[in-house]
Amino acid sequence: MADFGLESTENNSTQEEESLTIEQAIANLRHEELGRRYYAAWWLGRFRVNQPAAVDALILALKDESDRTEEGGYPLRRNAARALGKLGDKRAVPALIECLDCADVYVREAAAQSLEQLGDNSCVPALIKLLSGGLEVAQLVPGKPYLVQPYDAILEALGSLKATVAIPFVQPFVEHFVPKVRYAALRAMYQLTGEHSYGERLIEALKGKDLTLRRTALMDLGAIGYLPGAKAIAETLAENSLKLIALKGVLEHQLTDTSDFSLSESAIEVMELMDSLL
């Protein structure tokens, strides 16, 4: 949702990095200075501090009321939600599901992304609920540059979770007016159905005039490991580094699809495409 005002998931570039111990970072989540709380949540996620005390403190931070923006957002909750997805502790799932009802769209986005990372399907009904109303409801917030829900994050999560029950709710979004939402729906529908028509539409997106959208389509094709798109990925007008990342995703899917990790002819072809970009 970057085009619609949602902040970066690593929005700490202006925060001077400081040396912390794990104990200090956990304690700082309750510090009187709001900036230290915000940084501590980011730090715990950045360094994958998967300790029970850290997870407990971050879950508690999801209910923080003190760190608010002028528009009513919850910066600390956003960072805490993002961090919990990186720590891999499924004890955070119920609290993250609750965050899907938060008034702050950034918190909802972070929660959806982290629930995808944690891979627990108990969140599927709550994610589907956010798609209620379909395209008619999925409009811009009046006076704001973003949509009423973080649809791309929701759709990507449902696809990654293989939530086939969500197919009727996801499918309409392949015609959404926002390209990145449309691409997320195509990505999810391929993951949920295996139908090549969705992958082919992502390949078509690689021919678009907008570089940012071509980059998005590259990453989506890599995420779904769409082998028929390998050559098109390599030929896309975009940075070689991104094309290599996308092709790496395709290759990894090829390797995981074989029980002995042997190199198929298709996998070798993908590797040759990668070599040509180096």
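1. Contact here means heavy atoms within 4.5 Å. By that criterion, and leaving aside residues up to four places away in sequence, D220 of this predicted model touches E156, Y183, A184, R187 and L202. D220 belongs to helix α13, which covers residues 211-224, and with a relative accessible area of 2% this residue is buried, because buried is taken as under 20%.

2. In space, K209 and L237 are 9.4 Å apart from C-alpha to C-alpha, although 28 residues separate the two in sequence.

3. Turning to the whole protein chain, the secondary structure consists of 16 helices and zero strands. Among contacts with a separation of 6 or more, 64% are between residues 24 or more positions apart.

4. On overall dimensions, the radius of gyration of the protein chain is 20 Å, which agrees with the value near 19 Å that a compact globule of 278 residues would have. The C-alpha trace spans about 60 × 45 × 35 Å along its principal axes.

5. As for burial and surface, 50% of the 278 residues count as buried, while the accessible surface of the protein chain comes to about 13,200 Å², with 53% of that area belonging to carbon and sulfur atoms.

How values were computed:
Residues numbered from 1 in each chain as written. Predicted model: local features only at pLDDT ≥ 70, side-chain atom pairs only at ≥ 80, totals over all residues. Heavy atoms only, no water. Helix = DSSP H or I, 4+ residues; strand = E, 2+ residues; numbered from the N terminus. Buried < 20%, exposed > 50% of the residue type's maximum accessible area, 1.4 Å probe, protein only. Rg over C-alpha atoms; globule rule 2.2 N^0.38 Å. Areas by Shrake-Rupley, 256 points an atom, 1.4 Å probe, with all protein chains shown as cover.
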